[in-house]
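Work through the exercises below with the model open beside the text. Each task is followed by a solution in steps.

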Amino acid sequence: MNTRLENIKKILDDKKAENIEIIDLTSKNYIVDYVVIATTLNSKHGFALLNYLKTELKPTGEEFVRVDEDDEWTIIDLGDMFIHLMSEKYRNKYSLEEFLSELPTIEN
């Protein structure tokens, strides 16, 4: 796992995000190389996690291309990586891990 991903996972873990999963999509036909999914405890926790990520990552040169915030689900676009901060209810409902695991592999 690369240093950026380790750093993101550590920030989320330190701030009590649950069930943090990193999905490597470099061999898949998808718009980003990596997806990080973490479960939030509640909507305030989700917003706090976003702020911690911004505070910790922006000084390292990380660019937040786009952020869509919601009480249940926040999506952070870092260009080559998405971070999904989801409530447990939404995480179960949308089962992103399952969707991403079914993506086709790039043919060489």
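Two strands count as paired if DSSP finds at least two bridges between them. The model used in these exercises is predicted.

**Exercise 1. Which strands form a hairpin with 3 residues between them, and which residue in the turn has a positive phi?**

Step 1. The strands are E4 and E5, and their hairpin has 3 residues between them.
Step 2. In that turn, Gly 79 has a positive phi of about 90°.
Step 3. The pairing of E4 with E5 is antiparallel and comprises 5 bridges. Within it, Trp 73 lies opposite Met 86 of E5.
Step 4. Another hairpin, through 4 residues, connects E3 to E4. These two strands run antiparallel and are joined by 3 bridges; Asp 68 has Ile 75 in E4 as its bridge partner.

**Exercise 2. What is the strand order of the open sheet, and which are its edge strands?**

Step 1. The sheet has 5 strands in the order E1-E2-E5-E4-E3, and its pairing is mixed.
Step 2. Strand E1 (18-24) and strand E3 (66-68) are the edges, each pairing on one side only.
Step 3. On average, neighbouring strands are turned by 10° against each other, direction ignored.
Step 4. The parallel part includes E2 (residues 34-40) with E5 (residues 81-87), paired over 7 bridges. Here Thr 39 is opposite Met 86 in E5. Met 86 therefore faces Thr 39 as well as Trp 73, with strands pairing through backbone hydrogen bonds.

**Exercise 3. Is strand E4 largely enclosed or open, and why?**

Step 1. Buried means under 20% relative accessible area.
Step 2. Of the 5 residues of E4, 4 are buried, so the strand is largely enclosed by the rest of the structure.
Step 3. One element that touches strand E4 (73-77) is helix H2 (residues 43-57), which packs on the sheet and also touches E2, E3 and E5. The direction of H2 makes about 155° with that of E5.

**Exercise 4. How do H1 and H2 pack, and at what angle?**

Step 1. Helix H1 (residues 3-14) packs against H2 at about 135°, and the axes are 10 Å apart.
Step 2. Angles over 145 degrees would count as roughly antiparallel and 65 to 115 as roughly perpendicular; H1 is therefore oblique to H2.
Step 3. The crossing of the two helices is right-handed.
Step 4. From H1, the contact involves Asn 7, Ile 8, Ile 11 and Leu 12; from H2, Leu 49, Tyr 52, Leu 53, Glu 56 and Leu 57.
Step 5. Sorted by class, this contact has 7 nonpolar, 1 polar and 1 charged residues.

How values were computed
Residues are numbered from 1 along each chain as its sequence is written. This is a predicted model: local features need pLDDT of at least 70, side-chain atom pairs count only at pLDDT 80 or more; totals for chains, interfaces and linings use all residues. Side-chain values use heavy atoms; hydrogens and water are left out. Axes are lines fitted to C-alpha atoms, for helices over the stretch in contact, and angles run from 0 to 180 degrees between N-to-C directions. Contact means heavy atoms within 4.5 Å. Angles under 35 degrees count as roughly parallel, over 145 as roughly antiparallel, 65 to 115 as roughly perpendicular and the rest as oblique. A crossing is left-handed if the near helix is turned anticlockwise from the far one by less than a right angle, and right-handed if clockwise. Ala, Val, Leu, Ile, Met, Phe, Trp, Tyr, Cys and Pro count as nonpolar, Asp, Glu, Lys and Arg as charged, and the others, Gly among them, as polar. Buried means under 20% relative accessible area, exposed over 50%, partly exposed in between (1.4 Å probe, protein chains only).
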